[in-house]
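Let's take a walk through this one together, starting with how the chain is tied and then moving out to the rest.

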Amino acid sequence: MKNPTLRRVLVVTTVVGATLGGGIAVAAWTSSGSGAANAKAGTASAPTTGTVAASAFTSGLLYPGGPAGEAKLLVNNPNPYPVKVGSVVANGTPTGSGGAGTCTTTGVTWTAQSPNTPVPAGGSATLTLPGAVSMSTASDDGCQGALFAIPVTVTVVSG
């Protein structure tokens with residue numbers, strides 16, 4: 001290009017065009033606001049317990065004045081998330097059945113347990129709790145061979 005006027009016009013046009021184009025790109029508006037998002041927690045369902053067959057007891061058997069024996073407990077988790085058994089405490093009087101005779105005075109006592117055993121979501125677990133039960137010398141003779149039902153409260157924690 002030999003024409004200086006034309007060259008100036010092109011340079012000025014290019015500079016003005018770039019400036020306006022950049023101005024348009026920067027002129028986009030932005031805005032923000034605040035508010036609250038919502039979420040809702042579910043409700044925990046209480047665990048349930050079940051019995052374990054007498055045939056499952058092959059060790060840790062009780063006898064009057066003997067060492068603490070083992071207890072077995074089936075824990076069912078109805079929740080859609082896994083839990084851990086935090087504690088198992090007695091909440092009533094033990095009863096005996098299936099013994100050699102009348103087992104009115106069982107002499108059975110429970111020692112609180114903290115097993116921390118996991119139970120899967122919607123699943124169950126059988127807990128074997130060594131040293132959980134004892135039998136005093138006050139136990140009736142008819143309690144020989146009996147299976148003891150010990151009312152307990154099971155507390156679970158999510159996790």
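A disulfide here is a pair of cysteine sulfur atoms within 2.5 Å. By that rule, this predicted model has 1 disulfide. The bond joins cysteine 103 to cysteine 143, with the two sulfurs 1.9 Å apart. Cysteine 103 sits in the loop between strand E4 (95-97) and strand E5 (108-110), while cysteine 143 is in the loop between E7 and E8, so the link ties together parts of the chain that are 40 residues apart in sequence. Look down the S-S bond and you'll find 95° about it, which goes with a right-handed link. Are its two ends buried or exposed? Cysteine 103 counts as buried because its relative accessibility is 13%, and cysteine 143 is buried too, at 4%.

Serine 139 lies between strand E7 (124-135) and strand E8 (147-149), and with a relative accessible area of 10% it is buried.

For a contrast, turn to proline 118, which lies in strand E6 (residues 117-119). Proline 118 has a relative accessible area of 52%, so this residue counts as exposed. Still, proline 118 touches Val83, Lys84 and Ala125, not counting residues up to four places away in sequence. Its C-alpha atom is also 9.9 Å from that of asparagine 77, a residue 41 places away along the chain.

What about the aromatic rings? A search of the whole structure turns up 0 aromatic pairs. There is a charge over a ring, though: the charged end of lysine 72 sits over phenylalanine 57, 6.0 Å from the ring centre.

Finally, step back to the whole chain. How many helices and strands does the protein chain have? The count is 1 helix and 9 strands, and the order along the sequence is α-β-β-β-β-β-β-β-β-β. Of the 159 residues, 22% count as buried. The protein chain exposes about 10,300 Å², and carbon and sulfur atoms supply 59% of that area. As for how the sequence comes together, take the contacts between residues at least 6 apart: 81% of them join residues at least 24 apart.

Conventions
Residues are numbered from 1 along each chain as its sequence is written. This is a predicted model: local features need pLDDT of at least 70, side-chain atom pairs count only at pLDDT 80 or more; totals for chains, interfaces and linings use all residues. Side-chain values use heavy atoms; hydrogens and water are left out. Rings of Phe, Tyr and Trp (its six-membered ring) pair if their centres lie within 6.5 Å; planes under 30 degrees apart count as stacked, over 60 as edge-to-face and the rest as tilted. A charge sits over a ring if NZ of Lys or CZ of Arg is within 6 Å of the ring centre and within 35 degrees of the ring normal. Helices (H or I, at least four residues) and strands (E, at least two) are DSSP runs, numbered from the N terminus. Buried means under 20% relative accessible area, exposed over 50%, partly exposed in between (1.4 Å probe, protein chains only). Contact means heavy atoms within 4.5 Å. Accessible areas come from the Shrake-Rupley method with a 1.4 Å probe; for residues, only the protein chains shown count as cover.
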